[in-house]
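These are my notebook entries on a structure that I looked up. I set them down in the order in which I worked.

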Amino acid sequence: MRRYFDSGTWRAEGLRLRRQPFAWIALAALLLGLLAAAVSAGMEARDWRRATAADASRRAAQLDAAIAQLRGLAPGPAAAQATYQLGRGELGATRLAVGDGLGLGVDRLRVLPAQLKATLDSRHVDARPPGPLRNPLLADGGLPGVPAMVALLLPLVALALCAGLPQEEREQGRLGLLRLQARHGLGPVFIAALGWRWLALWLVATLATLPALLIDPGGGGLWSWILALAAFCGVWVALGGLLSLLPMSGPAAMLSALGLWLLMTFVVPAGLLWGAQREVPMPSRLAAIVQIRAAQQDSEVKEDALARDWYARHPAVPAQLPAVWPASFVPRVLAQDQVLRPLMREFDEARLRQAAFMERWSWLSPGLALTLTGQRLAGTDVASHVRYLREVDAFEDRWREALVPPVMDRRGINTEALASLPRFMRDATGKTRPGSPL
Amino acid sequence: MMAALVMKELRAQLRDGRLWVLGAALVLLFAAMLALAEQRRQAAEQERRDVETASRAQWDHQGAKHPHRGAHFGLYAFKPSGPLAAFEPGVDAQAGQALWLEPHKRNMAMFAPAADAAPSIGLGALTPAFVLGALVPLLVVVLGHGAVTRERESGTLRMLQACGLNAGPMLFGKWLGLCVAVSLVLLPALLMGAGLAFDGGGASGAGGDDGTIEVIVLGAALLVAGSVWAAVAVSVSALCRSSRAALLTLTGVWVVAVFLVPRLGATAVERLAPLPTGQAFWSDVGRDIEHGLPGDGDAKQRQQAFEARLLAEHGVSRLDDLPLGANAARRLFRDAYAARVHALHFDALWAAQSRQQSLLRGLTAISPYASVRAIGGALAGTDLAHRRHFEDAAERYRQTFTTRMDEWDRDATRGLTSFESRYAGDAQWRAIPPWTYEPPGWRFALGAAMPDLALLAAWSGISIAALAFAARRVQP
């Protein structure tokens with residue numbers, strides 16, 4: 001084993017790499033490409049944290065305004081209507097609880113519904129999203145996440161650095177000489193050459209992607225990311241080394257490397273995606289619209305019965321029958337959501353199972369594995385998002401428990417009850433923790 | 001002499017096994033992607049039609065209701081897609097699939113497919129357009145990187161120059177030979193794409209016409225883009241000392257042009273010209289309806305003025321005494337104002353998105369790939385312009401059907417009616433004409449694609465100039 005760590009060999013190979021202008025150019029290009037992505041992601045993550053931090057003060061201001069409004073209203077239909085509007089307003093806003101490594105998966109927030117609102121309406125048919133408006137053209141073509149950029153660029157540089165390692169020596173007639181001169185044969189020389197390349201790539205990738213975590217004030221997960229990068233660099237340097245050992249010419253090895261990169265970065269992930277969709281077909285959103293409308297129509301037809309039923313189940317609230325808007329409307333929404341929630345959960349379940357499939361097979365594509373690792377560290381992976389959806393469901397239940405009775409008794413909520421309205425729990429870093437207030 | 005040069009280069013390319021192996025692999029990949037995408041598109045179209053019919057049937061059979069409650073049940077508009085959308089899905093994967101049309105407010109399309117997608121590497125979907133727009137240039141790079149360097153490495157470049165062959169004709173011959181060779185290999189892919197478009201039966205192109213013009217323009221744009229890449233490959237090959245250096249340089253150029261420039265551009269645009277948040281947008285709409293546009297007074301004042309006019313017009317002193325439905329008349333007045341406010345804000349939002357698109361075009365002009373993608377989206381009817389055309393049409397329909405419901409209510413009732421009473425029935429629901437959408441036509445698609453077609457033409461000129469520049473610098 002010691003012959004592989006012969007300092008002379010390592011020094012010589014290090015010197016050889018250092019004196020290759022191409023290596024410097026390729027590593028500099030990698031550094032710049034990754035740096036651009038990391039700075040952009042870090043800034044996006046910082047903006048998200050700032051917005052999260054501002055949520056508490058905005059909520060407090062909205063709550064003060066609501067208290068002032070209700071203080072001016074005597075208990076009665078007007079206060080009940082104000083309560084109803086309050087229950088549909090921004091006080092029920094929530095935000096996805098993200099992880100420490102947000103900068104590594106912040107791009108997912110452009111696509112996922114991450115700022116849902118608990119409401120007395122059905123949020124499953126809300127066509128006025130409160131989150132950021134995005135130009136679909138830019139959402140499709142925006143900078144991918146930092147892990148995806150690493151997955152795109154680093155293998156190319158790794159393969160280019162490893163290309164022709166022994167082949168070029170052979171083509172230029174130096175391989176025999178090298179074999180003669182090497183103290184322990186070609187193996188240690190080759191290992192040292194690959195080792196330096198791995199180290200250079202790892203250092204450049206780590207340095208270039210650090211801003212994604214450092215610009216974000218809540219950034220963390222540094223060591224996990226550095227380890228993931230080390231493994232990723234190792235895989236591609238090893239593949240580059242293997243390719244350069246194959247009995248083929250230098251140009252043929254480079255073309256094979258290009259093919260391997262295309263295969264593992266594009267074709268395999270696309271194939272896995274296709275496999276996931278085949279194994280777990282996603283239910284149709286369009287077909288769900290028909291079910292949503294059926295639930296809406298059914299609840300409207302049964303409006304009176306639903307109101308009567310609600311009052312029967314809440315004997316503490318004096319029945320106001322026949323119920324008039326908004327008291328006629330709220331039991332309808334509750335009945336609709338009993339149908340719609342399980343329907344919407346089918347989509348979440350399918351996403352979870354598809355994600356599990358991708359995770360299971362991600363070893364076939366190191367880039368995909370790295371991207372999934374980044375999303376997990378960022379807390380924007382499918383499992384975290386589905387957990388958030390469940391938390392919003394639970395929060396919405398508590399929200400409605402607090403606000404539906406004052407709407408149904410047609411007297412409205414009082415200011416004390418308003419001040420202690422349920423909140424979506426999360427700690428200062430944005431993580432959901434039981435009992436920690438917003 | 002030029003013909004002889006082209007024929008020599010073409011023969012050399014055709015004898016090169018890489019052309020056939022890599023070309024066949026690309027054509028097979030394209031065929032598989034296209035077949036899969038078309039199968040999915042057809043299934044999605046069938047489902048869209050089924051859901052449209054089912055959703056309309058639900059509207060038609062609402063039973064007895066207050067007409068305004070019936071209107072609130074609403075209708076849905078779904079954007080149809082032509083066969084070229086299988087080639088280039090464009091923005092449709094990121095935009096919502098269904099627009100809920102209801103009274104008082106204009107909504108945004110719901111259920112973007114991207115939100116339900118399984119986790120992926122995040123470098124964009126592997127679509128047929130990606131294969132032809134991005135991977136074909138890579139094939140050109142692989143085939144063309146050694147065009148001059150190999151002559152230099154084998155010593156034939158010096159011999160050719162000694163024979164009196166100028167570098168200019170040599171490079172142009174190599175360029176044309178490469179273009180013809182790649183076109184020959186890709187011919188099956190282009191024919192497959194054209195066949196798919198013509199097989200669509202009816203609404204093929206972006207415009208709902210037979211799609212011929214869109215397919216021809218798209219095919220031509222892809223060929224021009226391929227020729228641009230061929231010129232870049234031959235130029236770089238002429239300027240590099242070795243095939244290895246040429247291949248590495250060209251691969252770098254390809255990665256920058258295909259992945260970095262378009263994506264960095266999009267990110268820069270989001271920072272330079274951001275859109276408002278949904279919260280701010282909806283709250284501005286609500287504020288302008290509630291407080292009124294400049295000089296209009298607030299909602300209460302406007303309504304009071306309207307009611308006073310209405311009472312005076314009919315010579316009565318109470319709304320209850322009006323010979324028409326007072327609530328419906330109020331709604332008609334209020335909704336007309338709300339539609340005006342919505343139009344102002346949505347137009348501003350679309351204008352902001354168009355500005356973003358123009359800015360993106362400017363920032364990504366240094367990549368021919370960005371132009372090719374934009375041309376593909378415009379001709380396939382999956383770009384922003386077509387999305388706006390569809391949503392504006394849906395908005396006109398929304399206003400038409402809600403107005404018709406309220407007009408019927410106004411004319412069929414008198415005075416103030418209770419919102420709880422149910423005096424409309426299936427006859428009223430069925431009287432609303434069904435939603436039909438007529439895509440805007442090939443002229444619209446060409447118009448949308450024109451700036452990017454012009455950019456591609458400029459790229460073509462620049463690449464030929466680069467070839468001429470490289471010819472002056474060729475050294476044996």
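I began with B:Gln303, which counts as buried at 18% relative accessibility; buried means under 20% relative accessible area, exposed over 50%, and partly exposed in between, with a 1.4 Å probe and protein chains only. I placed B:Gln303 in helix α13 (residues 299-314) of chain B. Helices (H or I, at least four residues) and strands (E, at least two) are DSSP runs, numbered from the N terminus. Not counting residues up to four places away in sequence, I found that B:Gln303 touches B:Arg330, B:Phe333 and B:Arg334; contact means heavy atoms within 4.5 Å.

I note that this is a predicted model, in which local features need pLDDT of at least 70, side-chain atom pairs count only at pLDDT 80 or more, and totals for chains, interfaces and linings use all residues. Residues are numbered from 1 along each chain as its sequence is written, chains are lettered from A and ligands numbered from 1 in the order in which they are written, and side-chain values use heavy atoms, with hydrogens and water left out.

I looked up B:Asp406 in helix α16 of chain B and found it buried, at 3% relative accessibility. Leaving aside neighbours within four places in sequence, B:Asp406 is in contact with B:His68, B:Ala328, B:Arg331, B:Leu332 and B:Asp335.

Is B:Ser154 buried or exposed? I recorded B:Ser154 as exposed, with a relative accessible area of 53%. B:Ser154 lies in helix α7 (residues 149-154) of chain B.

**Helix pairs**

Two packed helices are described by the angle between their axes and the distance between the axes.

B:Ala385, B:His386 and B:His389 of α16(B) meet B:Phe444, B:Ala445 and B:Ala448 of α18(B). By class, this contact has four nonpolar, two polar and no charged residues. Ala, Val, Leu, Ile, Met, Phe, Trp, Tyr, Cys and Pro count as nonpolar, Asp, Glu, Lys and Arg as charged, and the others, Gly among them, as polar.

**Backbone in the loops**

Where does A:Pro322 lie? I located A:Pro322 in the loop between α12 (303-313) and α13 of chain A. A cis peptide bond joins A:Leu321 and A:Pro322, with omega about -5 degrees. A:Pro326 lies in the loop between α12 and α13 of chain A, and the peptide bond from A:Trp325 to A:Pro326 is cis, with omega near 5 degrees.

I also looked up B:Phe111, which has a positive phi of about 65 degrees although it is not a glycine. B:Phe111 is found in the loop between β2 (98-101) and α5 (113-116) of chain B and is buried, with a relative accessible area of 14%.
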